[in-house]
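This report looks at a strand, a loop residue and a ligand site. Please keep the sequence and the 3D view at hand while reading.

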Amino acid sequence: MTHTQPRAILLFSGKRKSGKDYVADLIQHRLTAEVCCILRLSAPLKLQYAQDHDLDYEQLLGCGQYKERHRVEMIRWGEMRRRQDSGFFCRLAVQHATRPVWIVSDCRRRSDVQWFRQEFPGRCVCVRVEASEQTRSQRGWRFTTGVDDAESECGLDEGLQFDWILQNDGEHERLEKQLEELLSSLPRT
Ligand SMILES: Nc1ncnc2c1ncn2[C@@H]1O[C@H](COP(=O)(O)OP(=O)(O)OP(=O)(O)O)[C@@H](O)[C@H]1O
Ligand SMILES: C[C@@](O)(CCOP(=O)(O)O)CC(=O)O
């Protein structure tokens with residue numbers, strides 16, 4: 001498998017409804033789609049799961065209740081595949097990536113970060129997107145046993161030094177300032 005060498009890979013992680021996709025979209029808008037692509041490790045997982053279970057892939061990619069209804073079983077299926085090959089979804093997610101800057105918007109496990117660091121040494125930037133439980137609840141999050149107390153949501157709570165922690169509680173100017181600082185730290189070439 002071949003993939004181009006990006007100059008920077010932003011490895012996003014964060015709790016459900018913290019705003020990973022929202023912040024990734026803001027960064028891509030700032031950098032433009034010609035420079036920055038957004039990769040989701042969950043996309044190849046959801047595609048295969050939808051095909052295997054005759055489900056609507058587009059709705060699994062969305063942020064509504066359809067996805068949440070299938071989350072526990074998708075987590076179980078994904079972890080079974082990762083036990084066989086921890087880099088399985090990472091390889092699928094990057095296979096068509098060609099832009100200089102990649103955002104992986106949904107890293108959830110140490111094996112995700114380890115794969116990218118081994119594959120692209122010196123190019124990975126670990127970014128944690130944070131929001132209060134109150135904010136997340138306002139965005140539709142509800143604590144779910146088997147999800148919010150499982151590796152899928154807790155796998156990166158410890159054991160990883162983040163390069164950046166972005167506070168995303170809804171104050172637009174504060175978020176934009178943090179993004180300015182993050183983007184100005186990226187290599188230009
Ligand atoms: N700073 C913000 N201002 C306004 N709306 C926001 C902000 N951050 C996130 N949102 C909204 O909150 C909801 C959840 O955000 P998002 O989908 O990016 O979270 P996520 O971390 O990717 O969640 P999940 O892990 O469940 O996919 C979305 O409707 C998004 O538009
Ligand atoms: C099954 C899973 O990929 C669902 C992720 O959905 P989302 O990133 O919250 O849209 C989470 C996981 O892989 O543990």
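## Strand pairing

Two strands count as paired if DSSP finds at least two bridges between them. In this predicted model, strand β1 (residues 8-13) and β4 run parallel and are joined by five bridges. Within this pairing, Ile-9 stands opposite Cys-124 in β4.

Strand β4 also runs parallel to strand β5 (residues 164-167), with four bridges between them. Here Val-127 has Trp-164 in β5 as its bridge partner.

Is strand β4 largely enclosed or left open? A residue is called buried when its relative accessible area is under 20%. Six of the seven residues of β4 (residues 124-130) are buried, so the rest of the structure largely encloses this strand.

## Arg-16

Arg-16 belongs to the loop between β1 and α1 (20-31). The relative accessible area of Arg-16 is 7%, so this residue is buried.

Leaving aside residues up to four places away in sequence, Arg-16 touches several others, including Glu-68, Arg-136, Trp-141, Asp-148 and Glu-153. Thr-144 is also one of the residues it touches, and a polar contact of 3.4 Å joins the side chains of Arg-16 and Thr-144.

## Ligand 2

Which residues surround ligand 2? Among them are Ser-42, Leu-45, Lys-46, Lys-67, Arg-71, Met-74, Arg-108 and Ser-152. Arg-71 is also among the residues that Arg-16 touches.

A polar side-chain atom of Arg-108 lies 2.6 Å from an oxygen atom of ligand 2. For Lys-67, the corresponding distance to an oxygen atom of the ligand is 2.8 Å. An N or O atom in the side chain of Lys-46 is 2.8 Å from an oxygen atom of ligand 2. On its own, ligand 2 has 380 Å² of accessible area, and the protein covers 94% of that.

Notes:
Residues numbered from 1 in each chain as written. Chains lettered and ligands numbered in written order. Predicted model: local features only at pLDDT ≥ 70, side-chain atom pairs only at ≥ 80, totals over all residues. Heavy atoms only, no water. Buried < 20%, exposed > 50% of the residue type's maximum accessible area, 1.4 Å probe, protein only. Helix = DSSP H or I, 4+ residues; strand = E, 2+ residues; numbered from the N terminus. Polar contact = N/O pair within 3.5 Å; in protein donor to acceptor, adjacent residues only side chain to side chain. Contact = heavy atoms within 4.5 Å. Near = heavy atom within 4 Å. Areas by Shrake-Rupley, 256 points an atom, 1.4 Å probe, with all protein chains shown as cover.
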